[in-house]
Amino acid sequence: MSTNKKIKTDYKNKIFQDLIDFEILKSIINYLLISKKNNTKNNNNNNNNNNNSNNNNNTNNNQYKINKFYLNRNEILNYILVSKKWYNFISLTISNNIINNKLFEHWLKINYNNNNKSFIENYNNQNQYDKNNLISKNKNNNKRKKISFNKEFSIIKIKESIINDYFKFNLFLDYITINDFKEIKNKFENNQLIYNRIVVNYDTGDEDILFKIHKYISNENSEIISILFKILELNHDFQLHETYYANSEEDDDHDKKCRELYLNSLSITGYDDYMEEDEQTVKIFKIFKSKNIIYDGSDDVCQGQTHVNYSALFDPDNSGQQVESIKVQSKHGNEESVEPGHLIKVNQFENLHSITIPINSFLILSNLSEEMRFILSFYGYEEYSGNPKKIKSELNQMINSLITSKSLKNLKIPSVNSSYFPIDYDATYDDYYDSESDHEIFANKINETIESFSNSFKPLFSESNTSIERIELDCIGLLNINTFSNLLNNKSIKYLYLNNSDFIVYSSKPTGNGGPRLHEEPISINQYLFENIFSSSLTSIRHYKINLKDSKQLELIFNLILNNIFKLQLYSLIFKIYENELVGEFVKEIKNLINNISLRLQQQPQQPQQQQQQQQQQQQQQQKSNNINLKEIKIKIKDDEYIQELNNINNPYFTTIIKKKAYND
């Protein structure tokens, strides 16, 4: 008698299990391919309901980044090799993300073979992308990485018809002429423009093109021009060769029908000329309305350095409510800075999510000391353009404007004086004081001035209702523990990056022959943060960046990690290593950390070794290991010497990610 029985398969349960697997896989792929910074930015855009159906800046907060794909390609390949089912799901997930977010021009190499052709010659839009390659350009060395797509074993598979349809209605150019613009406008007005979007990444050619376009549209219908610029996306980079005077534009405004030209991004380099103070140049943003603004300080010239008054740049009445990001920088290596009084209207922007504002800490300290009737001068720095007696009030207004902004998410405040850390105050004493008996008073006055500076920044970290999620700040030894004492009250900050964080207290110390000198007593802000903030369940901070400059600091940090490893609420630690010699020491420290964590997990209380107790202890050990919140250690280094050794570290507790620092990072 046959005993064969049909085995019933529970297909519903199998499908349910597949769904669970795929949801887990999707979460992993999202984590690997979505930029955290972009996620923060786009969440802000969505919260402000700023999504326009004609806006093609891809403000979906789930868009995948090709640079993240290359960075994590090996890990993605490991998942793909698990099974054919996993391969199909991952391929479909990534491909659909590119399609749904219209990311083709970011993932496919755009062919600019027809650069010398006009808009009309490109009108049929043939062969605009490379059908064989995905391209990622390395910003550090201009090397291009590529993989194939739409091949038998390609991860990315997208129907050619979908790609062709996209590029049929989206045109990408690297320059535009005034005749091109006129032709685009005419076709638009006559309903002959076949494109939904025309993107111009303009960094060569006629630097006056924006002025020519602006002059042309001044007599055109402003409503038509406004709609046209929702299709025409201009990204422009140019240098002002002479001072721009906005007054001449304002004088002609009454004769103009259309006064504003709209751009997606605009980068302007200041002119190479000297003025004691420039209040006019940044008013150019009143006519050139851009979502993303970069202003690069002027180059040094023989007469001195022009100081720009940035008040108009950080005023929405001038720059416009369309602004999403503003970055002030100094590529030329000068020490141009934004003053506190320039920033008191930041909270009036409705869509501004990111700002970078270099400050001159020496200038602020100098004026704070003057306000406190104490002379503290630093040679070579320009005078404060506002009222020095109101510097404390303006500093407080700046911080208040930042924390009361409803849109601001990413805040970066570098100091142009960073290279002078720690500060040499003795030079100031030698210039202004004679009596050695005054030296202790001098030291106390320095501490009082620094405390005044530090107290102004305290609300930035203690305010509970701020919208800021990412703060990068150059402390240069001027922010004390009290500044961070109420950080647990803040529930918005998730990313904290501090540079030169050690706070320094000054005292007078006799030297014998040369008279008294200042003694510097460093106080570790990192120690306070690890022991009191990062180890508390109340903290919202999940990512912390540390700039390592010496081996003493390196040893302290790893001791702090080990001593708090089971309490740390941080998800990731980012180490930026300045000196290549420190990388070898870093490798030793991270290996020691892993070994010490293992030893601590194995430590057991002295008691009879019964089987049941051993099992309980093993379970507790595993549970404790699973409770380590720290999942990533990221290292930014200068060159490749130690990358292989770092990659070979056997680390069962957290992932190690190695990146080369950018040239200007």
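Is Thr466 buried or exposed, and what is its relative accessible area? I started my notebook with this one: Thr466 is buried, with a relative accessible area of 6%. Buried means under 20% relative accessible area, exposed means over 50%, and partly exposed is in between (1.4 Å probe, protein chains only).

**Ground rules.** I noted that this is a predicted model, where local features need pLDDT of at least 70, side-chain atom pairs count only at pLDDT 80 or more, and totals for chains, interfaces and linings use all residues. Residues are numbered from 1 along each chain as its sequence is written, and side-chain values use heavy atoms, with hydrogens and water left out.

**Entry on Thr466.** I found Thr466 in the loop between α16 and β14. Helices (H or I, at least four residues) and strands (E, at least two) are DSSP runs, numbered from the N terminus. I then followed the side chain of Thr466 to the backbone nitrogen of Ile468, which it reaches at 3.2 Å. For a polar contact, a pair of N or O atoms must lie within 3.5 Å; within protein, one must be able to donate a hydrogen and the other to accept it, and residues adjacent in sequence count only if both atoms are side-chain atoms.

**Entry on Ser540.** I looked up Ser540 next, in the loop between α17 (525–533) and β18 (543–548). Ser540 counts as buried at 15% relative accessibility. Its side chain reaches the backbone oxygen of Ile493 at 2.7 Å.

**Entry on salt bridges.** Side chains of opposite charge can pair when their charged atoms come close. A salt bridge is a side-chain nitrogen of Lys or Arg within 4 Å of a carboxyl oxygen of Asp or Glu. I got a count of 10 salt bridges by this rule.

Which residue forms a salt bridge with Glu105? I found Arg197, with the closest N and O atoms 2.7 Å apart. Glu105 lies in helix α6 (residues 104–107) and Arg197 in strand β5 (residues 197–202), so this pair ties together parts that are 92 residues apart in sequence. Glu105 is buried, with a relative accessible area of 12%, and Arg197 counts as buried at 5%.

I also checked Lys409, which forms a salt bridge with Glu469, the closest N and O atoms being 3.4 Å apart. This pair links distant parts of the chain, 60 residues apart: Lys409 sits in the loop between α14 (391–403) and β13 (410–413), and Glu469 in the loop between α16 (439–462) and β14 (470–474). Lys409 and Glu469 are both buried.

My last pair was Glu448 and Lys445, whose side chains meet in a salt bridge at 4.0 Å, N to O. Both lie in helix α16, three residues apart, about one turn of the helix. Glu448 counts as partly exposed at 38% relative accessibility, and Lys445 is partly exposed with a relative accessible area of 28%.

**Entry on Gln348.** I found Gln348 in the loop between β11 (325–329) and β12 (354–356). Gln348 is partly exposed, with a relative accessible area of 40%. Gln348 and Gln321 are 27 residues apart in sequence and 8.7 Å apart in space, C-alpha to C-alpha.
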